[in-house]
Amino acid sequence: MFTGIVEELGTVESLDLLEGEAARLTILGPLVTEDAKHGDSISVNGCCLTVIETGDGSFTADVMRETLQRTSLGRVEKGSKVNLERAVAAHARLGGHIVQGHVDGVGTIAGREPAEHWEVVRVAAPPEILRYVAEKGSIAVDGVSLTVTDVDDSTGTFGISLIPTTLDLTVLGRNKVGDTVNLEVDVIAKYVERLLTAGGSDAVAGGKE
């Protein structure tokens, strides 16, 4: 589990394609690797990856075909910047919201509007993702925990406001209009929908009397 509070801006050292349409990704991240070991989880642009080895401030993870197809990780290359976060420790403060690192889909930066002390960014999301996005709700964009400022169903977009810290310390400050981003919606919304649709009203009410 993660909180969506990015710890470090890492750098892709290599993305090597393997047989079976998988890949091996090596990322430089001295902070997140200072206590990392084989089997640990690290969020990379919102994708939960398992560390297979570490060394010299970097870590390597195997990326499955499913991840390459459903996220933007298949588009990174040597030198790309990525958001990094270690799995939350049980004693840590949960500064963001509950983030699983299971990307629901890919969105696109649709617009940027700089202001004096923040920047408003619009993100286009596919309908199957946008249905779970709510004004003042939480969403993870490339692994960053953010509050949704508004949702525009007519354009298929939602808005987020980025403070200077987020612009400086994450890839969201570097993304351009047209760039793709990984999206993870609030898992509670998906569970509620499942409960309401899978078993019908009786399941929600506790069954027939």
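These are numbered notes on a predicted model of one chain.

1. Basis of the notes. Residues are counted from 1 along each chain as its sequence is written, and side-chain values use heavy atoms, with hydrogens and water left out. The model is predicted, and local features need pLDDT of at least 70, side-chain atom pairs count only at pLDDT 80 or more, and totals for chains, interfaces and linings use all residues.

2. Secondary structure and overall size. The chain holds five helices and twelve strands, these being DSSP runs numbered from the N terminus (helices H or I, at least four residues; strands E, at least two). With a radius of gyration of 18 Å, close to the 17 Å of the globule rule for 209 residues, the chain is as compact as a globular protein of that length. The radius is taken over C-alpha atoms, and the rule is 2.2 Å times the number of residues to the power 0.38. Along the principal axes, the C-alpha atoms fill a box of roughly 60 × 45 × 40 Å.

3. Of the 209 residues, 41% count as buried; buried means under 20% relative accessible area, exposed over 50%, and partly exposed in between (1.4 Å probe, protein chains only). The accessible surface of the chain is about 11,300 Å², and carbon and sulfur atoms contribute 51% of this surface. Areas come from the Shrake-Rupley method with a 1.4 Å probe, and for residues only the protein chains shown count as cover. Among contacts with a separation of 6 or more, 69% are between residues 24 or more positions apart; a contact is heavy atoms within 4.5 Å.

4. Charges. The chain has 18 positive and 32 negative charges, and their mean positions are 1 Å apart. Lys and Arg count as positive and Asp and Glu as negative, while His and the chain ends are not counted. Each charge is placed at NZ of Lys, CZ of Arg, CG of Asp or CD of Glu.

5. Gly-74. This residue sits in the loop between helix H1 (65-70) and strand S6 (81-86). Gly-74 is partly exposed, at a relative accessible area of 40%. Beyond its neighbours within four places in sequence, Gly-74 contacts Leu-15 and Leu-68. The C-alpha atoms of Gly-74 and Val-63, eleven residues apart in sequence, are 8.9 Å apart.

6. Glu-116. The loop between strand S7 (105-114) and strand S8 (119-124) carries Glu-116, which is exposed with a relative accessible area of 71%. From Glu-116 to Pro-164 the C-alpha distance is 9.8 Å, across 48 residues of sequence.

7. The loop between H2 and S9. Ala-134 lies between helix H2 (127-130) and strand S9 (138-141) and is partly exposed at 41% relative accessibility. With neighbours within four places in sequence set aside, Ala-134 is in contact with Val-148 and Val-151. Its C-alpha atom is 9.2 Å from that of Thr-147, 13 residues apart along the chain. Lys-136 is also in the loop between H2 and S9. Lys-136 counts as exposed, at 60% relative accessibility, and has a positive phi of about 75 degrees although not a glycine.

8. Asp-142. Positive phi also occurs at Asp-142, near 50 degrees in a residue other than glycine. Asp-142 is in the loop between S9 and strand S10 (144-152), and is buried with a relative accessible area of 3%.

9. Thr-157. Strand S11 (residues 157-162) includes Thr-157, a buried residue with a relative accessible area of 6%. Leaving aside neighbours within four places in sequence, the contacts of Thr-157 are Ala-110, Arg-122, Val-123, Ala-124, Leu-130, Val-151 and Asp-152. Val-151 is also a contact of Ala-134. Thr-157 and Leu-195 are 38 residues apart along the chain, with their C-alpha atoms separated by 26 Å.
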